[in-house]
Structures are given as C-alpha cells and as structure tokens.
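Dear colleague,

My notes on it follow.

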Amino acid sequence: MKTISRVLVSLVLVASAGIVSAQTAAKDFYVEGGLLGLKFKTSDSNDTPKLARFIVGKDINANLAVEAMGAFTVDKADGLSANELGVFAKPKMLVAKDTNAFIRVGAARTGAGGSGSGHITRAAYGFGVETQLTKDVYGQIDYMHYAKSGDLNVRGFTVSVGTRF
C-alpha cells in the first residue's frame with residue numbers, strides 16, 4: 001500500500017510541475033498581420049498595390065527568430081495585383097524597455113498580376129522596430145526590399161500588430 005501511495009504522490013507532483021512550467025513557459029511562437037504598401041518601381045512605371053501581410057514566427061532565443069511570410073492584394077494599383085511568400089531569419093536587439101530593433105534577412109517570391117505577370121524569387125532584407133503594447137500584443141513597423149530584377153525594384157513599408165502564444 002505504501003508503494004502505491006508513493007507512486008500516486010509522485011504522479012501528482014510530476015503533473016503539477018508540468019502544469020506550473022506550462023504556465024510560466026516563455027511564449028516562443030507569434031503571429032502578426034499588417035498592411036503592406038508594396039512599391040513596384042521600374043524605369044517607366046511606379047505602382048503601389050496594398051497587400052495584407054501575415055507572418056508566423058518562432059523565437060529561437062531572445063535575439064533571433066525565424067519567420068514564414070505570406071501576403072496578398074487587398075487594393076490593386078492601376079490594375080496591378082501582387083502576392084508575396086517568404087522565409088526569414090530575424091536577428092533583433094533590445095533598444096529600450098519592451099522595444100526591439102531588428103533586421104530581417106531571407107528569400108521572397110514576388111508575384112504580380114494584371115499589367116505585370118510572373119514570379120521572381122530573390123534575396124530579401126529589411127529592418128524595423130517592434131514594441132510591446134500589452135503583455136501578449138505588440139506593434140511593429142518595418143521596411144523591406146523584396147526583389148530586384150533588371151530595372152524592377154520591389155519594396156515596401158508595413159505596419160502590423162501581432163500576438164505571442
């Protein structure tokens with residue numbers, strides 16, 4: 001009977017420790033959504049469709065995250081629609097209480113429809129600032145260079161809000 005009691009007490013302690021650690025564990029995953037003004041600039045045109053951009057990310061440690069990004073057109077510019085897919089590394093640094101500066105480096109696949117067509121996949125990079133608004137919600141602004149091919153440059157600013165879980 002003593003053995004069964006000890007096993008039950010041990011199981012209860014292990015289960016309790018698991019529950020407590022789950023409640024105090026860092027929130028490593030995040031999702032964010034934002035509005036991206038994507039600028040397609042060539043020697044003879046300059047179109048800026050608006051896209052909804054979504055990112056799913058995971059913090060590897062306090063100074064590095066990895067992300068997957070997708071974006072689609074919500075407002076065409078002169079008949080031009082666009083989409084973006086990408087994967088990124090996001091090194092970051094605390095610059096003030098609850099505020100990080102970061103760079104984003106990776107690859108993006110840019111697609112355009114309407115007056116332009118096709119997809120290009122190129123190295124993509126950018127920088128931004130992120131600040132905590134509440135315990136789980138943050139706001140962010142960033143500038144990204146998504147592609148350059150010939151005289152085509154694809155760049156944009158995004159304002160977004162995200163949550164950690």
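This is a predicted model: local features need pLDDT of at least 70, side-chain atom pairs count only at pLDDT 80 or more; totals for chains, interfaces and linings use all residues.

Lys 50 stands opposite Asp 75 in S4. That position belongs to the pairing of strand S3 (residues 50-61) with strand S4 (residues 64-75), which is antiparallel and comprises 11 bridges. Strands here are DSSP runs of E with at least two residues, numbered from the N terminus, and two strands are taken to pair if DSSP finds at least two bridges between them.

Residues are numbered from 1 along each chain as its sequence is written, and side-chain values use heavy atoms, with hydrogens and water left out.

**Strand pairing**

S3 and S4 are connected by a hairpin of 2 residues. S4 also pairs with strand S5 (residues 81-96), in an antiparallel arrangement of 9 bridges; within it, Met 69 has Gly 86 of S5 as its bridge partner. The hairpin of S4 and S5 has 5 residues between the strands, and Asp 78 in this hairpin adopts a positive phi near 50°.

Strand S9 (residues 152-164) is joined to S1 by 12 antiparallel bridges, with Phe 40 partnered by Val 154 in S9. Strand S8 (residues 137-149) likewise runs antiparallel to S9, over 12 bridges, and Ile 141 has Val 159 of S9 as its bridge partner. Between S8 and S9 lies a hairpin with 2 residues, where Gly 150 in the turn shows a positive phi of about 65°.

**Surface patches**

Which residues form the positive surface patch? They are Lys 39, Lys 41, Lys 148 and Arg 155. A patch is made of residues with over 30% relative accessible area and no salt bridge, like charges being joined within 9 Å and nonpolar side chains (Val, Leu, Ile, Met, Phe, Trp, Tyr) within 5 Å. A salt bridge is a side-chain nitrogen of Lys or Arg within 4 Å of a carboxyl oxygen of Asp or Glu. Lys 41 lies in strand S1 (residues 29-41) and counts as partly exposed because its relative accessibility is 44%; buried means under 20%, exposed over 50%, and partly exposed in between (1.4 Å probe, protein chains only).

A nonpolar surface patch consists of Phe 29, Val 31, Val 56 and Phe 165, with about 360 Å² of accessible area together, computed by the Shrake-Rupley method with a 1.4 Å probe. Val 31 is located in strand S1 and is partly exposed, at a relative accessible area of 31%.

Yours sincerely

Conventions
Lys and Arg count as positive and Asp and Glu as negative; His and the chain ends are not counted. The place of a charge is taken as NZ of Lys, CZ of Arg, CG of Asp or CD of Glu. Helices (H or I, at least four residues) and strands (E, at least two) are DSSP runs, numbered from the N terminus.
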